[in-house]
Amino acid sequence: MKTIQIKTLTPTYDSIEDRIRLSINYQDIDNRIDFMITRSFIIQLLPILDEYLYKHYSEYKDDEDMIEIKAQEARTQDSNVSSTNVEDIHLYKSLEDLLVTINLKYDANTNLTYIEFISKEGHKASTTCDIDMLKSIIKSIKSTIPNFSWGISSHF
């Protein structure tokens, strides 16, 4: 089992597997994990993420335009968000495993969220993020969903 700290998080749609590939630390071969996310998992996950945001971040609004604006602002203000070299994702590919659990823990003192991804084989990747980064992560995962072929509304 591998446990790593998330430095970069890159979701892409894998049409061969018909799953979302969530590449953690895609350029660091020693600390890379590719979590595969199924359609079923996404359908269960998205409402839970929205509920979490409503519960712990009172300023959160489920307005897609507002999320888009804030996510873009966060990208321009945060040096941790950058473009991905798609060729590198395949070049450095190593460990692939099915994502089965996402743990979210809110710290009221710091207003930060600890997020942990856990695979079927017990591999773990985690990070702590603020509301803007958390919303950027959610938005980037949502943007990779093949809405039409999975029968999921783009406003889900």
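# Briefing on a predicted protein model

Helix 4 has 13 residues, which at 1.5 Å a residue should span 18 Å, and its end C-alpha atoms are 18 Å apart, which agrees. The expected span is 1.5 Å times one less than the number of residues. This is a predicted model, in which local features need pLDDT of at least 70 and side-chain atom pairs count only at pLDDT 80 or more, while totals for chains, interfaces and linings use all residues. Residues are numbered from 1 along each chain as its sequence is written, and side-chain values use heavy atoms, with hydrogens and water left out.

**Overall layout**

- The protein chain has five helices and seven strands; helices (H or I, at least four residues) and strands (E, at least two) are DSSP runs, numbered from the N terminus.
- Along the sequence, these elements follow the pattern β-β-β-β-α-α-α-β-β-β-α-α.
- Of the 156 residues in the protein chain, 40% count as buried. Buried means under 20% relative accessible area, exposed over 50%, and partly exposed in between (1.4 Å probe, protein chains only).
- Taking contacts between residues at least 6 apart in sequence, 55% join residues at least 24 apart; contact means heavy atoms within 4.5 Å.

**Helix 4**

- The buried residues of helix 4 include Ile131, Met133, Leu134, Ile137, Ile138 and Ile141. Lys135, Lys139 and Lys142 are buried in helix 4 as well, and so is Ser136.

**Nonpolar core**

- The largest nonpolar core has 31 residues, and those with the most contacts inside it are Phe35, Ile42, Phe117 and Leu134. Such a core is a set of buried Ala, Val, Leu, Ile, Met, Phe, Trp, Tyr and Cys residues joined through side-chain atoms within 4.5 Å.
- At least two residues of this core come from each of strand 3 (19–24), strand 4 (33–37), helix 1 (39–56), strand 5 (96–107), strand 6 (112–119), strand 7 (124–129) and helix 4 (131–143).
- Helix 1 gives the most to this core, with seven residues.
- Leaving aside neighbours within four places in sequence, Phe35 has contacts that include Ile20, Leu22, Ile24, Leu99, Phe117 and Ala125.

**Helix 1**

- The 18 residues of helix 1 should span 26 Å at 1.5 Å a residue, and the end C-alpha atoms are 26 Å apart, which agrees.
- Helix 1 has a kink of about 25° at Leu45, shortly before the proline Pro47. The bend at a residue is the angle between axes fitted to the seven residues ending there and the seven starting there.
- Buried in helix 1 are Phe41, Ile42, Leu45, Leu46, Leu49, Asp50, Tyr52 and Leu53.
- The cover over these buried residues includes strand 3, strand 4, strand 5, strand 6, helix 4 and helix 5 (147–150).

**Strand pairing**

- Strand 4 and strand 5 run parallel and are joined by three bridges; two strands pair if DSSP finds at least two bridges between them. Met36 has Leu98 in strand 5 as its bridge partner.
- Strand 5 and strand 6 run antiparallel, with eight bridges between them. Leu99 has Ser119 in strand 6 as its bridge partner.
- These two strands, strand 5 and strand 6, form a hairpin with four residues between them, and Asn111 in the turn has a positive phi of about 65°.

**Salt bridges**

- The structure holds four salt bridges, each defined as a side-chain nitrogen of Lys or Arg within 4 Å of a carboxyl oxygen of Asp or Glu.
- Asp14 and Arg21 form a salt bridge at 2.7 Å, N to O, and both residues are buried.
- Arg21 also forms a salt bridge with Glu96, with the closest N and O atoms 2.6 Å apart. Arg21 lies in strand 3 and Glu96 in strand 5, so the pair ties together parts that are 75 residues apart in sequence.
- Arg21 has a relative accessible area of 3% and is buried, whereas Glu96 is partly exposed at 35%.
- Asp34 and Arg32 meet through their side chains in a salt bridge of 2.7 Å, N to O; Asp34 and Arg32 are both buried.
- Asp14, Arg21, Arg32, Asp34 and Glu96 are linked in a salt-bridge network.

**Ser126**

- Ser126 lies in strand 7 and is buried, with a relative accessible area of 8%.
- Not counting residues up to four places away in sequence, Ser126 touches Ile4, Gln5, Ile6, Tyr114, Ile115 and Glu116.
- Ser126 and Tyr114 are 12 residues apart in sequence and 7.2 Å apart in space, C-alpha to C-alpha.
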